[in-house]
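Here is my note on the model you asked me to look over. Please read it alongside the sequence and the coordinates.

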Amino acid sequence: MPTWTGNGANELWSTVGNWDTAVPTAATTAVFNNTGGNSNKNVTITAGASCLSLTCTGYTGQMNFANNLTVATNVTLGAGMTTSGSANIVKTGTGTLTSNGVQLSGGITLPTGAGTTQTFGDNWLITGSFGGNAGATIIVGGGFTASIGGSLTSPAGQTINTTPLLYLLRGTGTLSGFYTSGTGASTIQISSSGTVTQGATTFSAVNFTYAAGSYNSTNTITIQTGTTTFNNVSSLLFNSLLFGPAAGQVITLNSNMYVSGALTAGANTGTINGSTLYVGGNIATNAVGFLGTSTIEMSGSSAASITTAGVGIIQNNLTINKSGGATVTLPTAGTITWGTTGRTLTYTAGSINVSTSTFTIPANISVTINGMPFYNLTLPGLATYTINSPISVSNNLTLAATGNTTFTGSSGWTCANLICSTGPRTLTLADSSSGASYRTTATASLIGAAANQITMTSNNPTIQAIWTLDNGAAQSLAYVNGTRINSSQGATVWSFGGTLTSTSNWGSGSAPATTAYTYVC
């Protein structure tokens with residue numbers, strides 16, 4: 001166990017005369033203490049310096065990190081010592097890191113290769129960087145703080161597993177790599193006097209908090225297992241968000257979050273809870289998609305799209321609010337399944353290219369749709385839809401399967417083709433006193449059966465609802481009961497086998513058929 005004496009003509013680590021026995025090696029512990037009154041003798045780390053562990057209890061001199069010092073196991077600095085130089089402590093094995101309040105002038109490089117455990121024994125004030133060569137390294141934080149003046153980083157695909165530890169980034173450096181928490185969530189806090197640049201980064205059960213400084217997000221944040229929480233980030237602009245392939249991926253937003261690029265679904269459901277997530281780029285969803293309580297708002301002035309391969313799910317509140325007339329393009333194929341009870345779909349500004357997409361809203365829910373245009377809109381079952389600004393369906397509004405459909409609110413819809421081919425079913429429209437009206441411009445195809453009729457009715461027992469079938473539109477209505485429905489502004493509506501009560505401009509047909517009436521003025 002070589003002990004530093006500092007008796008040589010210089011203060012170099014590599015000088016044999018500065019140690020009581022021999023220069024430490026990777027197999028021996030380097031001891032700096034007060035033996036022989038040499039506690040204040042400075043030391044300069046030389047190239048290739050290494051030891052099994054470093055113990056500086058009682059040492060009051062200065063350790064100059066002119067070169068890296070490789071330490072296999074424990075590092076214990078002395079409460080009265082100082083450090084200088086910008087080189088690193090390079091860890092190669094499992095150990096405990098204890099600073100005793102000493103500021104480290106350099107950084108700490110984590111082991112390469114097989115996983116090790118690094119345990120923080122107390123808080124660390126690190127002038128340089130932390131991380132760098134992590135190989136499935138477990139960091140046991142113990143609730144302590146690693147205050148880092150440089151970068152917090154590990155190579156892509158590597159892991160820093162952390163039990164609770166505050167990584168405080170307080171200078172200029174890079175945040176990148178793969179971070180995950182095993183027991184409890186660690187915190188990465190940006191409280192910088194400079195600029196922290198975020199590269200490709202993966203978070204799993206991390207608390208990310210912004211306090212001060214410049215944050216430059218240049219790459220994707222991937223969300224893995226557990227709940228990652230973003231705090232006070234509304235003044236930042238992130239690059240893009242990707243939900244990774246693992247299960248149990250959750251984001252909690254305790255403030256609004258702005259992403260200039262894409263939001264992309266992974267192989268398992270991504271949950272987004274809390275405040276609003278503003279997305280400037282594309283939303284790529286899939287059959288597991290997104291859910292949660294947050295509003296996802298497509299914002300900014302750049303063109304964007306919602307894409308899916310097959311079926312895509314978005315259950316969150318969804319708002320399209322593009323500035324400068326920017327266009328949001330919906331899928332040319334496939335189906336977007338949107339909504340769950342209590343959610344709202346809103347079109348506020350920008351241009352929407354509906355392409356040939358189909359939006360499906362799940363059965364047995366109550367949602368609000370405001371101003372949204374669709375190509376195909378499918379309402380598959382029992383549900384209530386509140387509409388407070390008009391929506392349009394340029395192709396098919398389809399009431400599929402069974403179950404009653406209710407429309408409420410101060411506005412209604414316009415569709416090219418209104419389709420319902422199953423009964424028994426009741427289609428309830430908001431009465432005219434609400435300000436709502438409904439219109440079909442091309443085809444009404446409502447086909448019930450003698451024993452399973454379709455009823456179209458007003459939600460008010462005394463006031464009619466307005467449904468207008470345009471003059472010249474084709475219609476095929478069989479076993480449709482019209483009850484308190486006013487269609488007097490358009491073509492006469494003919495229903496075979498239905499019961500007509502308190503209707504305007506309706507008539508009984510002689511047989512199921514499709515007819516078209518041309519309005520001549």
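1. Basis. This is a predicted model, in which local features need pLDDT of at least 70 and side-chain atom pairs count only at pLDDT 80 or more, while totals for chains, interfaces and linings use all residues. Residues are numbered from 1 along each chain as its sequence is written, and side-chain values use heavy atoms, with hydrogens and water left out.

2. Overall form. The protein has 60 strands and zero helices, both taken as DSSP runs numbered from the N terminus (helices H or I, at least four residues; strands E, at least two). Its radius of gyration, taken over C-alpha atoms, is 34 Å, well over the 24 Å given for 521 residues by the globule rule (2.2 Å times the number of residues to the power 0.38), so the protein is more spread out than a compact globule. Along the principal axes, the C-alpha atoms fill a box of roughly 115 × 40 × 35 Å.

3. Twelve strands form an open sheet with parallel pairing, in the order 28-31-34-37-40-43-46-48-50-52-55-58; two strands pair if DSSP finds at least two bridges between them. At its edges are strand 28 (257-259) and strand 58 (500-501), each of which pairs on one side only. Within the order, strand 40 (residues 344-349) pairs with strand 43 (residues 365-370) in the parallel sense over three bridges, and T346 has N370 in strand 43 as its bridge partner.

4. Burial and core. Of the 521 residues, 53% count as buried, a term that means under 20% relative accessible area, with exposed over 50% and partly exposed in between (1.4 Å probe, protein chains only). The largest nonpolar core has 120 residues, such a core being a set of buried Ala, Val, Leu, Ile, Met, Phe, Trp, Tyr and Cys residues joined through side-chain atoms within 4.5 Å. F32, L54 and W467 are among the residues with the most contacts inside this core. Leaving aside neighbours within four places in sequence, F32 is in contact (heavy atoms within 4.5 Å) with residues including W4, W13, W19, V43 and L54.

5. E11. This residue lies in the segment before strand 1 (29-31) and is partly exposed, with a relative accessible area of 37%. Beyond neighbours within four places in sequence, E11 is in contact with W4, N18, N42, V43 and T44.
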